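I opened the file today to look up a few points. My notes follow in the order I took them.

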Amino acid sequence: MNPRKILFADDDPEIREVLRLLLESEGYDVVEASNGAEVLRIMDETVDLVILDVMMPDLGGFLVCSEIRKRSPVPILFLTAKSQDSDKTLGFSVGGDDYLVKPFSCSEIVSRVKALLRRYCEYGAKNEEAGNIVKVPCGIEIDTSQCSVRMSGRDVVLTDIEYRILLLLATHPRKVFSSQNIYESVWNEPFFYSSNNTVMVHIRNIRRKLGDDNQNSRIIQTVWGRGYRIG
């Protein structure tokens, strides 16, 4: 099997070198970029994970993420010195999958990288079992062989995390999932209080992409005090 390919962007050459050596020691193929424009030039279907520094000159990490999301569901991990919840919320809202605040330990970033790649490459959007179409009466069709979503005949581009949340809800229609249920099922990590906001942001993104704007007849319904369900 070919090594997983990671595209890493940071304008600090010392950080790039340290992280490249660390990830290569774990067996990954690492491609470096020094700015956002270079990321967009390099980015292609062979990349399995993107790591973006948020504060890059020219094109920042959030803007680069938005551009990548127009063409790929590849997992994106942000690295940043900003630790405010509002910054994390913005990172998730533009399509990021995880968010790591500097300084971080080597073991922490390696564990985050392994978790994202495992979800995406082993049992996520890059390797679903073939042959199943999940249909929801509201017009959603999920092709698990292609990890594609259609809504009333139009293609809907979701990130890996968004796709897995939607698939979870769609395969259990009318069942109410709490934020904790969703987080632990999709992220495979322990749920903390701040995780609730993470789930809310992703639900909001899914609704926007589905055109699910009518609060009185939403496809993904909020059951106040309990969680979410597909209506």
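Entry 1. Is serine 72 buried or exposed? I am reading this from a predicted model. The relative accessible area of serine 72 is 11%, and the limit for buried is under 20%, so I put this serine down as buried. I found serine 72 in the loop between α3 (61-68) and β4 (76-80). A polar atom of the serine 72 side chain is 3.1 Å from the backbone nitrogen of valine 74.

Entry 2. I turned to the salt bridges next. My search of the whole structure returned twelve salt bridges. I noted that one of them pairs glutamate 32 with arginine 16, with 3.1 Å between the closest N and O atoms. Glutamate 32 belongs to strand β2 (residues 29-33) and arginine 16 to helix α1 (residues 13-25), so this pair ties together parts 16 residues apart in sequence. I logged arginine 16 as buried at 14% relative accessible area, and glutamate 32 as partly exposed at 27%.

Entry 3. I checked arginine 20 and found a salt bridge to glutamate 24, the closest N and O atoms being 3.2 Å apart. Both residues are in helix α1, four residues apart, which is about one turn of the helix. Arginine 20 is partly exposed at 22% relative accessibility, and glutamate 24 is partly exposed at 35%. I also noted that Arg16, Arg20, Glu24 and Glu32 are linked in a network of salt bridges.

Entry 4. I looked up aspartate 98, whose side chain meets that of arginine 112 in a salt bridge (3.0 Å, N to O). Aspartate 98 is in strand β5 (residues 98-101) and arginine 112 in helix α5 (residues 106-122), so the pair ties together parts 14 residues apart in sequence. Aspartate 98 counts as buried, at 12% relative accessibility.

Entry 5. I traced an open sheet of four strands, antiparallel in pairing, in the order β6-β7-β8-β9. The edges are β6 (133-136) and β9 (154-156); each has a single partner strand, so one side of each lacks a neighbour in the sheet. I have the twist averaging 25° from one strand to the next. Four bridges join β7 (residues 140-143) to β8 (residues 148-151), and I found isoleucine 142 with valine 149 in β8 as its bridge partner. Helix α8 (residues 195-210) packs on the sheet and touches β7, β8 and β9.

Entry 6. Last, I took helix α7 (residues 179-186), where Ser179, Ile182, Tyr183 and Val186 are buried. Down the axis of α7 the buried residues fall within an arc of 95°, so they line one face of the helix. Asparagine 188 follows α7 and has a positive phi, near 55°.

Technical notes. Residues are numbered from 1 along each chain as its sequence is written. This is a predicted model: local features need pLDDT of at least 70, side-chain atom pairs count only at pLDDT 80 or more; totals for chains, interfaces and linings use all residues. Side-chain values use heavy atoms; hydrogens and water are left out. Two strands pair if DSSP finds at least two bridges between them. Helices (H or I, at least four residues) and strands (E, at least two) are DSSP runs, numbered from the N terminus. Axes are lines fitted to C-alpha atoms, for helices over the stretch in contact, and angles run from 0 to 180 degrees between N-to-C directions. Contact means heavy atoms within 4.5 Å. Buried means under 20% relative accessible area, exposed over 50%, partly exposed in between (1.4 Å probe, protein chains only). A polar contact is a pair of N or O atoms within 3.5 Å; within protein, one must be able to donate a hydrogen and the other to accept it, and residues adjacent in sequence count only if both atoms are side-chain atoms. The arc is that of the directions from the helix axis to the C-beta atoms. A salt bridge is a side-chain nitrogen of Lys or Arg within 4 Å of a carboxyl oxygen of Asp or Glu.
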